[in-house]
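Hi everyone, thanks for having me. I'd like to walk you through one structure today, so let's get it up on the screen.

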Amino acid sequence: MSIDSLRRSARATVSGFPQGFWWLWLSTLVNRTGAFVLTFLSLYLTQELGHSAWFAGLVVALHGLGGVAGSPLGGLLTDRWGRRPTMVTMHLAAAACSAALAVVTSAWAIATAVLLMGVAMQAVRPSINATIADMVPAHDVRRAYALNYWALNLGFAIASIAGGAAAFLGYRTLFVVDAVATVLCAVIVFLRLPETRPQAAVDKRGEPVAEEKVSMLTVLRDAPFRTLVLLNLLVCLVFTAPWIGLPLTMAGEGLPPSSYGMVIAVNGIVIVGFQLLVNKLTDKRSPVLLLTLSALLFAFGTGATALAGSSVAFAATVIVWTVGEMIHVPTNAAATARLAPEHARGRYQGVMGMSWAVAGFVAPVAAGAIVGGPGPDVLWTATAAIGVLAAVGYYTRLRKALADEDTLDTPNTPDTPDTPETPATRDARDTPDTRAGAAEQASVSA
């Protein structure tokens with residue numbers, strides 16, 4: 001492939017987005033570039049404050065537990081209050097928690113600050129995802145999520161390198177820099193990002209049209225979306241397990257901690273270097289096939305860890321499940337946006353975010369217990385089985401639902417009003433007379 005063709009491909013990957021998307025992209029990059037807290041928190045707690053490794057693990061788990069509450073809270077505020085106010089408020093709250101960690105030293109104060117930070121950091125994600133779905137055309141939503149995810153990982157890579165180089169300044173200094181970067185992110189959103197929450201629908205006379213009320217319970221009753229959330233939870237458990245299980249497994253093989261550092265760095269390097277290429281290759285593909293493929297890559301990559309015995313072999317397994325990660329994250333976010341009614345995108349993204357938060361809390365504890373008990377081979381066999389189960393679930397349970405959603409991207413005819421689909425209308429459409437045709441269309445699409 002020539003340089004000119006690569007340049008054209010890169011231009012096509014990043015073209016066609018509104019200006020507001022790039023301000024949101026920049027805010028994500030700035031925010032993650034200063035993300036030092038979680039990276040260095042365990043070292044700060046154990047090396048500088050003298051707490052035990054058990055306490056450090058508990059505090060990190062509290063961050064994930066806070067996210068379980070923060071995600072639905074952020075989704076509710078996103079729909080009721082607005083995307084922009086939610087983002088600004090939660091960014092400032094996260095900055096305040098980061099600044100607090102630079103001055104508090106008691107165990108209870110640290111645990112509280114980290115818990116509240118987990119709430120704030122997870123609460124901002126539904127508003128970001130809803131904003132992307134609001135401002136980007138439906139056929140470009142997955143590409144937009146992929147680019148935003150690329151910015152997140154690029155910023156994290158910069159933070160890891162800069163944080164390691166600047167650690168001699170002290171952990172508290174890094175926490176202050178984190179707070180400043182998060183405040184700057186909030187300023188960018190406040191000054192440059194427009195509010196994108198859809199206006200209330202009106203009829204021909206200009207009178208407001210009553211919208212279907214969507215509560216969290218309504219979201220959970222949406223069968224296709226509930227299936228998507230549960231399957232994403234399975235994938236998240238597989239994805240999160242290596243972050244605890246891999247260093248323990250490598251240590252059991254007699255490899256030093258520095259080897260793990262190099263192996264896990266492959267994850268960020270692959271994402272930063274190849275996310276745009278993967279997005280180009282997967283663009284316009286069936287979401288069901290992409291989700292199925294990503295689950296299989298997670299299963300194969302983590303399962304193969306049981307067979308690895310050298311740093312090179314462990315790095316190869318990381319490459320495999322990292323490709324699955326690059327495919328899964330934007331595809332799952334786009335599927336969530338497409339299944340959600342326009343006026344309830346925040347709530348849907350909030351419920352989906354809960355699956356990530358729950359996995360972030362459960363998987364580290366379970367992975368540590370399994371490695372310390374039955375052994376690492378049991379852990380990697382279990383992750384492979386869960387990944388395969390998720391792949392089967394995507395292919396058999398969501399083919400019709402996501403294929404039906406594809407029809408919403410086609411131009412409307414004069415006889416077809418341009419109205420958003422809701423769980424109720426989706427269920428009403430799914431009658432015995434239409435199931436056969438939908439299933440046939442789904443099988444062709446997949």
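The accessible surface of the protein comes to about 20,100 Å², and carbon and sulfur atoms account for 68% of that. Keep in mind that this is a predicted model.

Now, what is it built from? The protein has 19 helices and zero strands. Of its 446 residues, 48% are buried. And if you take the contacts with a separation of 6 or more, 85% of them link residues 24 or more positions apart.

Okay, let's look at one pair of helices. Helix α2, residues 19-33, packs against helix α8, residues 171-192, at an angle of about 170°, and their axes are 8 Å apart. Anything over 145 degrees counts as roughly antiparallel, so that's what we call α2 and α8. Who's touching whom? On the α2 side you have Trp-23, Leu-26, Ser-27, Val-30 and Asn-31, and they meet α8 residues including Ala-181, Leu-184 and Ile-188. By class, that contact has eight nonpolar, three polar and one charged residues.

Next, the inside. The largest nonpolar core has 46 residues, and the ones touching the most other members are Phe-225, Leu-228, Leu-246 and Tyr-394. Among the helices giving two or more residues to this core are α10, α12 and α16, but the largest share, nine residues, comes from α14.

Zoom in on Leu-228. Leaving out residues up to four places away in sequence, Leu-228 touches Leu-291, Asn-332, Met-352 and Tyr-394, among others. There's also a second, separate core of 28 residues, which includes Met-87, Ala-94, Tyr-145 and Ala-333.

That's my tour, thanks!

Note on methods: Residues are numbered from 1 along each chain as its sequence is written. This is a predicted model: local features need pLDDT of at least 70, side-chain atom pairs count only at pLDDT 80 or more; totals for chains, interfaces and linings use all residues. Side-chain values use heavy atoms; hydrogens and water are left out. Axes are lines fitted to C-alpha atoms, for helices over the stretch in contact, and angles run from 0 to 180 degrees between N-to-C directions. Helices (H or I, at least four residues) and strands (E, at least two) are DSSP runs, numbered from the N terminus. Angles under 35 degrees count as roughly parallel, over 145 as roughly antiparallel, 65 to 115 as roughly perpendicular and the rest as oblique. Contact means heavy atoms within 4.5 Å. Ala, Val, Leu, Ile, Met, Phe, Trp, Tyr, Cys and Pro count as nonpolar, Asp, Glu, Lys and Arg as charged, and the others, Gly among them, as polar. A nonpolar core is a set of buried Ala, Val, Leu, Ile, Met, Phe, Trp, Tyr and Cys residues joined through side-chain atoms within 4.5 Å. Buried means under 20% relative accessible area, exposed over 50%, partly exposed in between (1.4 Å probe, protein chains only). Accessible areas come from the Shrake-Rupley method with a 1.4 Å probe; for residues, only the protein chains shown count as cover.
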